[in-house]
Amino acid sequence: MFSSLRGGPQRFEESRKKYGDAFEFVDLPCPPTPENAERLKGCEAFLFSPFKNDGDLFWKKVSEAGVKYVVTCSAGYDHFDLEAMKKYGLKAANVPSYSPNAVAEHTVMLLLASLRKLRRQLSNIEHYDMELDGLMGREVRNQIIGVVGAGHIGAVTLEILKGFGPKKLYAYSPHRRARIGELAEYASLEEIYEKCDVILFHCALNDENYHMVNTETIARMKPGVLLVNTARGKLFDAWAVLEGLESGQLGAVAMDVIEGEEILRRPQGQNDLPVLDRLLAHDNFLFTMHTAFYTDEADRNMADTTLANLNEYRTTGSCRNELVK
């Protein structure tokens, strides 16, 4: 595993105990680049974390090193080029689900923090400004809330929100489930944009919903709406979000993900994403660095499923979470 994989081999130590000596981890203190791919020689499998790579050339080099299987510890696999991997005979698997409570709780935290203007409050306190001007918040029970994406995470979010007694809960999903119907009323995206004071995004990213939040859709939303995105950065056109904040069409925005976020971790202390600087200038914009998933329970789930994927490949040559069809 390359240095880009958070936690290194020790992250999997507890999970690997059930497999005895079946796995040997090779720790490579360098990033996963075409130049470094040859270091994978002798490895059957490769644990790959989200990292910007050189597409076709990278996967060609990985295959030439003798790797057969590539696994990621995440649900998202935007960092995989599945066509190139298929071309070079590589199999790949992800962790399609892990503790849904982790992301759901973080989403509700961002919702509450935004409604109560927590970022401005903390900033004021740092400057010993104890006035209440501009700090009046809103209560969840008075909000009409829409959840876009009602899978496992969306369902837990709806269950949590139900306890706050909001004025109305709507859910949008192409796949309807009886449980969701008990928690919320199904609605179209247009209805959610038109009616909701708060919209929470939990949907997976695909070709159809890239930049689903853009200048045009923001204009169709209820003025002053609060948006929370803990799903995928590419669901939002960040420049359109900035425009919406500056015009006042968006009342507040909270994001745990942003398009291009992979460059924010390297190097530390530097921001190569200009739109983020512009967004952070607004105290009704709240940003966390892709930590919604990051709890002890979720991390255990990821490690367990990752090693289960590897074990399936090791023993059968296939995997139930296979991505390359």
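Start by selecting Y128: this tyrosine is exposed, at 72% relative accessible area (exposed means over 50%, buried under 20%, partly exposed in between, with a 1.4 Å probe and protein chains only). Y128 sits in the loop between helix 5 (118–126) and strand 4; helices (H or I, at least four residues) and strands (E, at least two) are DSSP runs numbered from the N terminus. A word on what is on your screen: this is a predicted model, where local features need pLDDT of at least 70, side-chain atom pairs count only at pLDDT 80 or more, and totals for chains, interfaces and linings use all residues. Residues are numbered from 1 along each chain as its sequence is written, and side-chain values use heavy atoms, leaving out hydrogens and water.

Next, go inside. Select I199, F201, L227 and I258, which touch the most other members of the largest nonpolar core, a set of 35 residues. Such a core consists of buried Ala, Val, Leu, Ile, Met, Phe, Trp, Tyr and Cys residues joined through side-chain atoms within 4.5 Å. Helix 10 (238–247) is among the elements giving two or more residues to this core, and its share of 5 residues is the largest. Zoom in on I199 and you will find contacts (heavy atoms within 4.5 Å) with residues including G146, Y193, M221 and L227.

Then pick H211, in the loop between strand 7 and helix 9 (215–220). H211 is buried, at 17% relative accessible area. Its side chain makes polar contacts with the side chains of E259, at 2.7 Å, and Y210, at 3.3 Å. A polar contact is a pair of N or O atoms within 3.5 Å; within protein, one must be able to donate a hydrogen and the other to accept it, and residues adjacent in sequence count only if both atoms are side-chain atoms.

Finish with E246 and R278, whose side chains meet in a salt bridge (3.7 Å, N to O). E246 is in helix 10 and R278 in helix 11, so the pair ties together parts 32 residues apart in sequence. A salt bridge is a side-chain nitrogen of Lys or Arg within 4 Å of a carboxyl oxygen of Asp or Glu.

Conventions: Lists of a residue's contacts leave out its neighbours within four places in sequence.
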